[in-house]
Amino acid sequence: MAEPVVRIPDAKVALSTASVYPESTATAFKIAARLGYDGVEVMVWTDPVSQDIEALRRLSDYHGVPILAVHAPCLLITQRVWSTDPWTKLQRARAAAERLGASAVVVHPPFRWQRQYSRDFVTGIWRIADETDVRFAVENMYPWRYRDREMLAYAPDWDVTKDDYRHFTIDLSHTATARTDALQMVDRMSDRLGHVHLADGNGSNKDEHLVPGRGTQPCAELLERLVLSGFDGHVVIEVNTRRAMSSAEREADLAEALAFTRLHLASAARIPRP
């Protein structure tokens with residue numbers, strides 16, 4: 001009987017700089033280098049370093065950690081980061097990605113109260129995508145819930161597979177919060193799945209971003225499916241470590257997330273030795 005051999009797939013595993021919050025963007029580069037991540041995804045937010053292309057380039061060069069993706073400033077707390085105009089934000093995210101050598105920009109669908117932006121969003125994303133080699137990967141979101149009430153905060157829809165985009169980002173913490181089947185969503189994304197935010201969740205009303213393996217989401221199954229489908233994007237660890245009692249505890253969580261991801265990417269890559 002042929003002995004199995006493991007071939008590690010080409011998918012790179014990156015650390016989202018959001019995963020070290022409340023520590024800084026600079027700290028994320030240091031931790032990514034120390035733990036052996038393949039790169040980082042820069043979450044552009046209120047940390048001035050995250051908004052500064054030259055500062056990011058210096059961090060990347062100093063730590064030897066490439067910037068693989070840029071997350072555009074789409075959060076409530078980043079409404080004034082890189083302009084108040086959402087299209088300007090996306091153009092600046094594209095320019096940052098191009099200058100930093102990142103291959104993807106992650107973007108959320110608009111908030112429902114951004115009426116003009118949401119009306120033009122699908123066609124606008126196609127227009128930007130046509131102007132660059134950078135992937136604009138639109139991320140699945142979730143309904144907002146409070147007790148027994150539900151608010152649809154995103155437009156055209158939190159379920160981005162209902163609209164036509166060139167590339168998607170799947171986020172498994174968001175599928176947990178939405179209480180939707182993650183693997184069915186991946187099936188709907190099909191070969192347009194261009195980027196992965198790997199985290200876990202238990203389906204609570206809050207977006208939990210647990211370390212993979214600590215919730216109910218099919219994190220291992222998704223990773224194995226990526227290998228078998230020839231996925232050529234990046235897998236980004238985007239977890240919440242705000243409750244870590246120390247830097248050492250935070251780093252241990254991020255090391256565990258990396259080990260989980262590499263293990264399951266490798267387990268699906270077993271092939272018979274000739």
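**Entry 1: glutamate 251**

I began with glutamate 251, which lies in helix α8, residues 247-267. I note here that the model is a predicted one. Is glutamate 251 buried or exposed? Its relative accessibility is 17%, and the cut-off for buried is under 20%, so glutamate 251 counts as buried. Next I looked up its contacts, leaving aside neighbours within four places in sequence. I found Ile31, Arg34 and Leu35 in contact with glutamate 251.

**Entry 2: aromatic rings**

I then turned to the aromatic side chains. How many aromatic pairs does the structure hold? I count 12. I picked out one of them, tryptophan 87 with tyrosine 117. A pair of rings is described by the distance of the centres and the angle of the planes. Here the centres are 5.0 Å apart and the planes stand at 85°. That makes the pair edge-to-face.

Where do the two residues lie? Tryptophan 87 is in helix α3, residues 86-100, and tyrosine 117 is in helix α4, residues 115-130. The pair therefore ties together parts that are 30 residues apart in sequence. I checked burial as well. Tryptophan 87 is buried, at 19% relative accessible area. Tyrosine 117 is also buried, at 9%.

Trp87 and Tyr117 belong to one aromatic cluster with Phe121, Tyr165 and Phe168. I also looked at the face of tryptophan 87. Arginine 127 lies over that face, 5.8 Å from the ring centre.

**Entry 3: helix α6**

Helix α6 spans residues 182-189. Which of its residues are buried? I list Ala182, Leu183, Met185, Val186 and Met189. Looking down the axis of α6, I see its buried residues within an arc of 155°, so they line one face of the helix. What do they pack against? I noted the strands β9 (167-171) and β10 (193-198), together with the helices α5 (172-178) and α7 (219-229).

I checked both ends of α6. At the start, a side-chain oxygen of aspartate 181 comes to within 3.0 Å of the backbone nitrogen of leucine 183. After the helix comes serine 190. The phi of serine 190 is positive, near 55°.

**Entry 4: cysteines**

Last, I searched the whole structure for disulfides and found 0. Cysteine 74 is buried, with a relative accessible area of 14%. Cysteine 219 is buried too, at 1%.

Technical notes. Residues numbered from 1 in each chain as written. Predicted model: local features only at pLDDT ≥ 70, side-chain atom pairs only at ≥ 80, totals over all residues. Heavy atoms only, no water. Phe/Tyr/Trp six-rings, centres within 6.5 Å; stacked < 30°, edge-to-face > 60°. Helix = DSSP H or I, 4+ residues; strand = E, 2+ residues; numbered from the N terminus. Buried < 20%, exposed > 50% of the residue type's maximum accessible area, 1.4 Å probe, protein only. Lys NZ or Arg CZ within 6 Å of the ring centre and 35° of its normal. Contact = heavy atoms within 4.5 Å. Arc of directions from axis to C-beta. Polar contact = N/O pair within 3.5 Å; in protein donor to acceptor, adjacent residues only side chain to side chain. Disulfide = S-S within 2.5 Å.
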